[in-house]
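Hi,

Here is the structure I promised to pass on.

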Amino acid sequence: MPHLVILYTPNLDKPAAEGGVDMRGLCRALADAMLAVRDEQDQQVFPTGGTRVLAYPAAHSAVSDGGAAGIEAGLGGDYAFVYMNVRMAKGRSAVVHQRVGEALNACVRERFAEQLAKRPIGITVQVDEGHEVFDAKNSSLHPLFQKK
């Protein structure tokens, strides 16, 4: 962990000139932002081998009023929405929770600046701390990043 899951309306898979977003680039930027977060002792918060960002376009979606208010405002009716939820293991401080949220939100504001200025779009960023009732991990990634 952490795992950041992104759900988004499929109209964001269009080219940037048509109001879309480079999702692959967004995923990389968000992963890099998570890896850069430091705790109160200036230690990296998240393990490199456990940091994952996954993005999924919604197969079906309905956003707000379907576009009527956007059309009336002259912004078009092709609304977009992005939901981002990062889940981290329990035990981190409130300061770390805030730093993670702020780092992700700063990345989002930068990566979506053009869309936020030009089209109706909603973006939610949430940080959750897990209270697992079952937690199994199977990974051959972590050993790649363990100091020898």
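To start you off: which residues does T9 touch, not counting residues up to four places away in sequence? They are S61, V63, Y79, A80 and F81, where touching, or contact, means heavy atoms within 4.5 Å. T9 sits in the loop between strand 1 and helix 1. It counts as buried because its relative accessibility is 5%; buried means under 20% relative accessible area, exposed over 50% and partly exposed in between, with a 1.4 Å probe and protein chains only.

Before you go further, the ground rules. This is a predicted model, in which local features need pLDDT of at least 70 and side-chain atom pairs count only at pLDDT 80 or more, while totals for chains, interfaces and linings use all residues. Residues are numbered from 1 along each chain as its sequence is written, and side-chain values use heavy atoms, with hydrogens and water left out.

Now the overall layout. The protein chain has four helices and four strands, in the order β-α-β-α-β-α-α-β from the N terminus. These are DSSP runs, numbered from the N terminus: helices are H or I with at least four residues, strands are E with at least two. Of the 148 residues in the chain, 34% are buried. The C-alpha atoms fill a box of roughly 60 × 30 × 30 Å along the principal axes. Among contacts between residues at least 6 apart in sequence, 76% join residues at least 24 apart.

The four strands make an open sheet with mixed pairing, in the order 2-1-3-4; two strands pair if DSSP finds at least two bridges between them. Strand 2 (52–57) and strand 4 (121–129) are the edges, each pairing on one side only. From one strand to the next, the twist averages 15 degrees. Strand 1 (residues 3–8) and strand 2 run parallel and are joined by six bridges, and V5 has L54 as its bridge partner in strand 2.

Two of the helices are worth a look against that sheet. Helix 1 (residues 23–36) lies across strand 1, strand 2 and strand 3 (80–88), at about 150 degrees to strand 2. Helix 3 (residues 94–111) packs on the sheet too, touching strand 1, strand 3 and strand 4, and its direction makes about 160 degrees with that of strand 4. Axes are lines fitted to C-alpha atoms, for helices over the stretch in contact, and angles run from 0 to 180 degrees between N-to-C directions.

Staying with helix 3, V96, V100, G101, L104, C107 and V108 are buried. Seen down the helix axis, the buried residues fall within an arc of 130 degrees, so they line one face; the arc is that of the directions from the axis to the C-beta atoms. They pack against strand 1, helix 1, strand 3 and strand 4. On the other side of helix 3, A94, R109 and E110 are exposed.

Finally, the core. The largest nonpolar core has 29 residues, and L4, I6, L12, L30, M84 and F112 have the most contacts inside it. Such a core is a set of buried Ala, Val, Leu, Ile, Met, Phe, Trp, Tyr and Cys residues joined through side-chain atoms within 4.5 Å. Helix 1 gives the largest share, eight residues. Not counting residues up to four places away in sequence, M84 touches, among others, L4, I6, L30 and F112.

Cheers
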